[in-house]
Structure formats: structure tokens, C-alpha cells
Amino acid sequence: IEREIVDKIFSYDIGGKEYTKKGLYRIKSAYTEFWFRYIYGNESALAMMNPEEFYDTYISDSIDAFAAETFIKVGTEFIELLNTMGKLEIKIDRRGRWWGKNGNIDMIACDENDHYVVGKCNWMTDVFTFSMFEELMYQVNLAGIGKDYIYLFSKETFDEELKSFAAENTNVK
């Protein structure tokens, strides 16, 4: 932490603490995290394999999970950009992520009047399904926060049920 390589990050501060994890340690730099996750412990294998074989053996099975964290950062930056441009429904006063004991909320933003924007980023599957949306709403209820505006981000697309729901509910984007 003193060398600014890792951070201890805390879950968004809400009232429902019985469902919240205390804090997590994360490597700050994606490059450094990639190095320690894939290269550092496998350097001798890397020296003996061609790059494609190394990728197939040590990286390919978990690269989507690695990319999912970056996708959350991109979604968060998008929400922050909308806020900066005055195009978000609220003026963000505070923001964060929520790590629950049984699930997570990728983005939480709140204004001074306790109006919330919550968000979910799906990188692990091509289609963001309505059941994934329902799981987000379950986590929001556990966290004890509002769901005034909901932003969903998908790797590819959304299922028809979720598209229909969003068309009928203007607070779902």
C-alpha cells in the first residue's frame, strides 16, 4: 500500500452492513495484476513454450474474468463522464461498489438527496439476461439502497425480455 501497488477498497457505505464484506485488497495497475496473475508464477513455462501454447495453457481460461474487472472500470468511467457533462439524471455526490456476502453491485452513485444510480456490467456472457437484472435488483435490496436509475452494460447484447422491460421503464438504461 505504501508503494501504491495495492489498495484496500471498502464496500460502498450503506446501512445493510450484515450483508456487506468488510474490505478487499486489489492491485491498482491492470498491467501489474496481469503480470502477477499470469506471468510471475509461470516464467519458466513461458521460457519453454511458444506464446500461443502459453496463452492456451495459462491465460485463456480466465482472461474473461480478468477483462470483466476492466469492463466495470469502463462502465464506471462512462457514468462519471455523463455526470461531468451534466447528462446523468443526478449530480453524483459519492460513488463506489458494493461487495456483498452473496453478490456484488458494480456501480453505486448517489446524490445529496439520496437518489441512486446503480449499474451492472456483464462481460462473462454475450447476453445480459433478465434474470441477471433480477439478481442485481435482489442485491440492491440487500444493500438497502434506492434504485432510481439503473444502467446496464453488456459485452454483446441484452435478451428480448430485458429490452422490453427497459422500453417500458425509462429509469433502466
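This is a predicted model: local features need pLDDT of at least 70, side-chain atom pairs count only at pLDDT 80 or more; totals for chains, interfaces and linings use all residues.
In the chain, Ile90 sits in the loop between α4 and β3, the latter covering 94-99.

Now zoom out to the whole chain. How many helices and strands does the chain have? There are six helices and eight strands. Reading from the N terminus, the order of elements is β-β-α-α-α-α-β-β-β-β-α-β-β-α. Some overall numbers are handy here:

| Property of the chain | Value |
|---|---|
| Box filled by the C-alpha atoms, along the principal axes | roughly 55 × 45 × 35 Å |
| Share of the 173 residues that count as buried | 36% |
| Share joining residues at least 24 apart, among contacts between residues at least 6 apart in sequence | 56% |

Next up is α1, which spans residues 30-39 and has Glu33, Tyr38 and Ile39 buried. Its N-terminal end is capped by Ser29, with a side-chain oxygen of Ser29 placed 3.2 Å from the backbone nitrogen of Tyr31.

Helix α1 also has a packing partner in α4, residues 63-84. How do the two helices lie against each other? The axes of α1 and α4 are 12 Å apart and meet at an angle of about 160 degrees. Angles over 145 degrees count as roughly antiparallel, so that is the label for α1 against α4. The crossing of α1 past α4 is right-handed.

Which residues make this contact? From α1 come Ala30, Glu33, Phe34, Arg37 and Tyr38, and they meet Ile63, Ala65 and Phe66 of α4. Sorted by class, the contact comprises six nonpolar residues, two charged ones and no polar ones. Two of the names on the α1 side, Glu33 and Tyr38, come up again, since both are among the buried residues of that helix.

An α-helix has 3.6 residues a turn, so residues three or four places apart point the same way.

Terms used. Residues are numbered from 1 along each chain as its sequence is written. Side-chain values use heavy atoms; hydrogens and water are left out. Buried means under 20% relative accessible area, exposed over 50%, partly exposed in between (1.4 Å probe, protein chains only). Helices (H or I, at least four residues) and strands (E, at least two) are DSSP runs, numbered from the N terminus. A polar contact is a pair of N or O atoms within 3.5 Å; within protein, one must be able to donate a hydrogen and the other to accept it, and residues adjacent in sequence count only if both atoms are side-chain atoms. Axes are lines fitted to C-alpha atoms, for helices over the stretch in contact, and angles run from 0 to 180 degrees between N-to-C directions. Angles under 35 degrees count as roughly parallel, over 145 as roughly antiparallel, 65 to 115 as roughly perpendicular and the rest as oblique. A crossing is left-handed if the near helix is turned anticlockwise from the far one by less than a right angle, and right-handed if clockwise. Contact means heavy atoms within 4.5 Å. Ala, Val, Leu, Ile, Met, Phe, Trp, Tyr, Cys and Pro count as nonpolar, Asp, Glu, Lys and Arg as charged, and the others, Gly among them, as polar.
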